[in-house]
2 protein chains.
Amino acid sequence: MNIAVDAMGGDYAPEVVVQGAIQASAESGIDITLVGDKGAISEELARHGDMTRRINVHHCEEIISMEEPPLRAVRRKKDSSINIAFDLLCRGEADAVVSAGNSGATMAAGILTLGKIAHVERPALACIIPGNQGSVVLIDVGGNIDCRPLHILQFGIMASAFAINCLGMKDPKVGLLNIGKEPGKGNEQARLAYDLLQDSDLNFVGNVEGQDIFTGCVQIVVCDGFVGNVALKLAEGMALTVTRRMKEDMVSSLTNEEQSLIGDRFDGEYEKVLDYAKYGGVPILGINGVGIVCHGDSSARAIKNAVIMAHDYTGRDLPDKIAVHLAGFGSG
Amino acid sequence: MNIAVDAMGGDYAPEVVVQGAIQASAESGIDITLVGDKGAISEELARHGDMTRRINVHHCEEIISMEEPPLRAVRRKKDSSINIAFDLLCRGEADAVVSAGNSGATMAAGILTLGKIAHVERPALACIIPGNQGSVVLIDVGGNIDCRPLHILQFGIMASAFAINCLGMKDPKVGLLNIGKEPGKGNEQARLAYDLLQDSDLNFVGNVEGQDIFTGCVQIVVCDGFVGNVALKLAEGMALTVTRRMKEDMVSSLTNEEQSLIGDRFDGEYEKVLDYAKYGGVPILGINGVGIVCHGDSSARAIKNAVIMAHDYTGRDLPDKIAVHLAGFGSG
């Protein structure tokens, strides 16, 4: 097993990405190929000595920036780190790809290099949210805007295959993100998607609302990529806001004496609740291989967890399982 | 000044609604007309003795339930509490309406009874969110789905008039809720709305993302009612989830001795952070009068605050101010 990591992708690349890769490799014994500028990567590696034994570097010249139009950049910059990472996977020299770079470009490179799974219309980004009763998969979180109802059905089918095979769920419940629970609610896209989901073999339980992403009443929430992206970023911003305020309020309710007694223990708790980084990254579902997209501002810890996630999903035949689900659930 | 309160609207009506109205009246000296079943309302009023001096009851027979299709219910049930409440406003017997009932029906009754402000295409629900740097108005949070770009522009104009006149803001910054900051991001609706907002006289600062609802980089966030409704419900669910987890984590980081020292002080803080109820309700912007929609599961405190909010907005000539803004900002 070898994970190709786009060393040039992300706001703090290559330093933070290399650090995260080193941590994943050292802690979990994962072989990693760092793809990018050899000079810059080697400089960072040199600081970590023996921890880099399982890491090698694949040099390439080009970088796709966060601002570039994804498809055009992927087509033009053949020697970019993200394209080369997927090339390695395509040639069998890597088993999965992790990138914190331009997420649209990462998806486009994955689709163009590996191809889509048979019958998949639109690969999608599936975010794993820490709900009150375990993980919840929110799909799509930004891979596709202006989705058709069939795409939303396929998101549910792909996410079910993923949840069963990679997250160990049994017959996960699927909900359609909508503005009310009753059938017939929502815009035309939602109403038509409802009918398709209802007629499928998925364990579809009906419409769910924003708050239900956390309640555990479903394990998979399907939606258009526009809505999903807004929802995900809102949840992240909200976690930050609420935890900060709550900590301030709690600390201010303590006397000086109590504060010195408790010290900075709350800081740790605060971080823990806040820490979406432990989820590491967002898998691209629907391509012929394992690709993980990370936040542009990922910490080394987030990169580490994304690499471990990628390693964990490798060898589970996820693309085949998705293809089987798609064929079996009548949307192929 | 007299506020008409739909006593039959909401999950815990009439009891909780009547309690909230009594609290608002007693604490803030507001005259209130409770609209609904006289017998049931009087029973609750009887428990509160002298606190009900400023409250009278307007009897009506019908109730629109939470599940009924809004427009049809409003048209058929002429004697429903929500229709009668707006009738009182229309006849000058009340100055504002508050309802925790079927929100679609409340909007429909407001529009049909009071009429839309000149040039307004679609009245909308404007939620006031407690951001990190003061209030942020999120519009539309569910009044309209499948919005056209012009509607989204008008949401921005109406919300600006509202923020200036009712919230005391000066030249509030307006952001378009989107999936990336750069111009050109998003679906077709968002791209076209961006252009209209850019060409308007609003203080439009461009696209914002989900997390920006809290950061204070803008004071008004405009979006389609589908996206806004999902976002609002997600934020509410998230506040509940994060605060609960954080409190548990913090308490578990304390020794038994520390816990007994601190007692249940954290419970109060927890509630405080969580308490969206203090915002009470969501004004309907674009109708010829003041109408406030409350959550179906509103507490007495939420109803109280909505009544105080309604009272506060009354007499500010909000419909006229919105009309002037619409004419002046070139979308009339």
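Me: A residue counts as buried under 20% relative accessible area, as exposed over 50%, and as partly exposed in between (1.4 Å probe, protein chains only). This is a predicted model in which local features need pLDDT of at least 70 and side-chain atom pairs count only at pLDDT 80 or more, while totals for chains, interfaces and linings use all residues. Residues are numbered from 1 along each chain as its sequence is written, chains are lettered from A and ligands numbered from 1 in the order in which they are written, and side-chain values use heavy atoms, with hydrogens and water left out. What is the relative accessible area of B:His119?

Reply: B:His119 sits in the loop between helix 5 (103–114) and strand 5 (124–131) of chain B, where helices (H or I, at least four residues) and strands (E, at least two) are DSSP runs numbered from the N terminus. Although B:His119 is not a glycine, its phi is positive, at about 80°. B:His119 counts as partly exposed, its relative accessible area being 47%.

Me: Is B:Asp171 buried or exposed?

Reply: B:Asp171 is not a glycine either, and yet its phi is positive, at about 45°. The residue belongs to the loop between helix 6 and strand 7 (174–177) of chain B. With a relative accessible area of 55%, B:Asp171 is exposed.

Me: Is A:Ser200 buried or exposed?

Reply: To locate A:Ser200, look in the loop between helix 7 (188–199) and strand 8 (204–208) of chain A. The relative accessible area of A:Ser200 is 11%, so this residue is buried.

Me: Which strands lie at the edges of the open sheet in chain A?

Reply: The sheet has 11 strands in the order 3-2-1-4-11-10-5-6-9-7-8, with mixed pairing, and two strands count as a pair if DSSP finds at least two bridges between them. An edge strand pairs on one side only, and in chain A that holds for strand 3 (55–59) and strand 8.

Me: Within strand 6 of chain A, which residue is the bridge partner of A:Pro130?

Reply: Strand 5 (residues 124–131) and strand 6 (residues 134–139) of chain A run antiparallel to one another and are paired over 6 bridges. Looking across to strand 6 of chain A, the bridge partner of A:Pro130 is A:Ser135.

Me: Through which surface do the copies meet?

Reply: Contact here means heavy atoms within 4.5 Å. Of the interface residues of chain B, 100% are also interface residues in chain A, so the copies meet through the same surface.

Me: How many salt bridges are there over all chains?

Reply: Side chains of opposite charge can pair when their charged atoms come close. A salt bridge is counted when a side-chain nitrogen of Lys or Arg lies within 4 Å of a carboxyl oxygen of Asp or Glu. One network of such bridges links A:Lys181, A:Glu209 and A:Asp212 with B:Lys233. Over all chains, the number of salt bridges is 24.

Me: What is the relative accessible area of A:Glu44, whose side chain meets that of A:Arg47?

Reply: The two side chains form a salt bridge, with 2.4 Å from N to O. A:Arg47 is exposed, at a relative accessible area of 55%. A:Glu44, in contrast, is buried, and its relative accessible area is 4%.

Me: How many residues apart are B:Glu27 and B:Lys304?

Reply: These residues form a salt bridge whose closest N and O atoms are 3.1 Å apart. B:Glu27 counts as exposed at 53% relative accessibility, whereas B:Lys304 counts as buried at 11%. The pair links helix 1 (residues 15–28) with helix 12 (residues 300–313) of chain B, two distant parts of the chain, and the separation in residues is 277.

Me: Which residue is joined to A:Ala13 by a cis peptide bond?

Reply: The residue in question is found in the loop between strand 1 (2–6) and helix 1 (15–28) of chain A. The cis bond has an omega of about -5°, and it joins A:Ala13 to A:Pro14.
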